[in-house]
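Dear colleague,

I am passing on the structure we spoke about, and I would be glad if you could look it over before reading my notes. The sequence and the model come directly below.

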Amino acid sequence: MRTPKEMIDLILKIAGEDERIRAVTMGGSRANKQCPPDIYQDFDIVFYVNDVTPFWDNMEWIAEKFGRPSLCQKPESMELMPPDREGNFVYLMIFPDGNRIDLNVTPEKYEDDGEPMLLLLDKDGTFPVIQIADDHWYPKRPSSKMFADCCNEFHWCLNNVAKGIARDELAYAMEMLNHYVRDMLIVMLEWYVGVNYDFQVSVGKHGKYFKKLLPETVYASFKKTYSDADYGNMWKAAFEMLSLFGTAARTVADQMHYTYDELEEKGIADYMKMVQEGLLEQE
């Protein structure tokens, strides 16, 4: 596997020898000093050009300059999942030695979005000053309304998990459990970390630092919220989510001087038990 230095040297050699490429930046985890380095980090590279046309869907250029990737995705050429932006062309590439480069070729000017970014090359000396941020995955203090909305969304969406299981609609129930409900659980756990660390630590993307930031008992509960396709285990995961969310939300509410709606939690807990035990009857 080529070393990070070898990869950066290659990227700079390609850019340096091509007059069409005027500047190069690197973002992502490799630009973030707080992110521990490992062999799985990709190289988030942007080539700034005046005209993207020669680089548009040009796999021969990629193969000649970088070597032919063993796997490549080109979002701008996809119909199933079209990209959000226009004008750029992005190559997401994994190479045979395991290195990965996410290369964005763009005619757009750099705009500081608060993410960590390093300037690797500026041929014209006109690149704007980058305000390097170490990390932007710090939890932000929620308003009382945001807190209440998160609780309400979490509790409400649990009813969809319950009815999905009751109807034997596995895909639907799993989507509700692991998307809508879990999304709110993640948000609450981020705030939980925030109040315990005075909102001065990063939780990482999608809570990837939870293991080192959450108390062992809380993290053990978090792991139990992941289920296989067995409905019995899905019920256990759903009730574990409800318990864990309540624990985290009460801590956040106490520290932020907000109110946690105990009746709302009891309401969904009672409904879930009724569905689980088949107690719903039509008169």
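This is a predicted model: local features need pLDDT of at least 70, side-chain atom pairs count only at pLDDT 80 or more; totals for chains, interfaces and linings use all residues.

I begin with the salt bridges, of which the structure holds 16. In helix α1, Lys5 and Asp9 sit four residues apart, about one turn of the helix, and their side chains meet in a salt bridge with an N to O distance of 2.8 Å. Of these two residues, Lys5 counts as exposed at 58% relative accessibility, while Asp9, at 38%, counts as partly exposed.

Another salt bridge, at 3.0 Å from N to O, is formed by the side chains of Asp198 and Arg141. Because Asp198 lies in the loop between α4 (170-196) and α5 (210-213), and Arg141 in the loop between β6 and α3 (144-166), this pair ties together parts that are 57 residues apart in sequence. Asp198 itself is partly exposed, with a relative accessibility of 47%.

The side chains of Glu262 and Arg250 also meet in a salt bridge, here at 2.7 Å from N to O. This pair links helix α8 (residues 262-276), where Glu262 is found, with helix α7 (residues 231-256), which holds Arg250, the two residues being twelve apart. Both ends count as partly exposed, Glu262 at 40% relative accessibility and Arg250 at 32%. Elsewhere, Glu19, Arg22 and Asp124 are linked in a network of salt bridges.

Glu115 belongs to the loop between β5 (100-106) and β6 (117-122), and its relative accessible area of 32% makes it partly exposed. There is also a nonpolar surface patch of Met1, Ile39 and Tyr40, which together have about 410 Å² of accessible area. Met1, in the segment before α1 (4-17), counts as exposed at 53% relative accessibility.

As for the cysteines, how many disulfides are there? The count comes to zero. For Cys151, the closest cysteine sulfur is in Cys150, at 5.7 Å, and for that reason it is too far for a bond, given a cut-off of 2.5 Å. The sulfur of Cys157 also has its closest cysteine sulfur in Cys150, at 10 Å, again too far for a bond. Cys151 is buried at 4% relative accessibility, and Cys157 is buried at 5%.

Finally, Tyr48 is in strand β2 (residues 43-49) and is buried, at 10% relative accessibility. Its C-alpha is 5.8 Å from that of Pro107, although Tyr48 and Pro107 are 59 residues apart in sequence.

Terms used: Residues are numbered from 1 along each chain as its sequence is written. Side-chain values use heavy atoms; hydrogens and water are left out. Buried means under 20% relative accessible area, exposed over 50%, partly exposed in between (1.4 Å probe, protein chains only). Patches are made of residues with over 30% relative accessible area and no salt bridge: like charges are joined within 9 Å, nonpolar side chains (Val, Leu, Ile, Met, Phe, Trp, Tyr) within 5 Å. Accessible areas come from the Shrake-Rupley method with a 1.4 Å probe; for residues, only the protein chains shown count as cover. A salt bridge is a side-chain nitrogen of Lys or Arg within 4 Å of a carboxyl oxygen of Asp or Glu.
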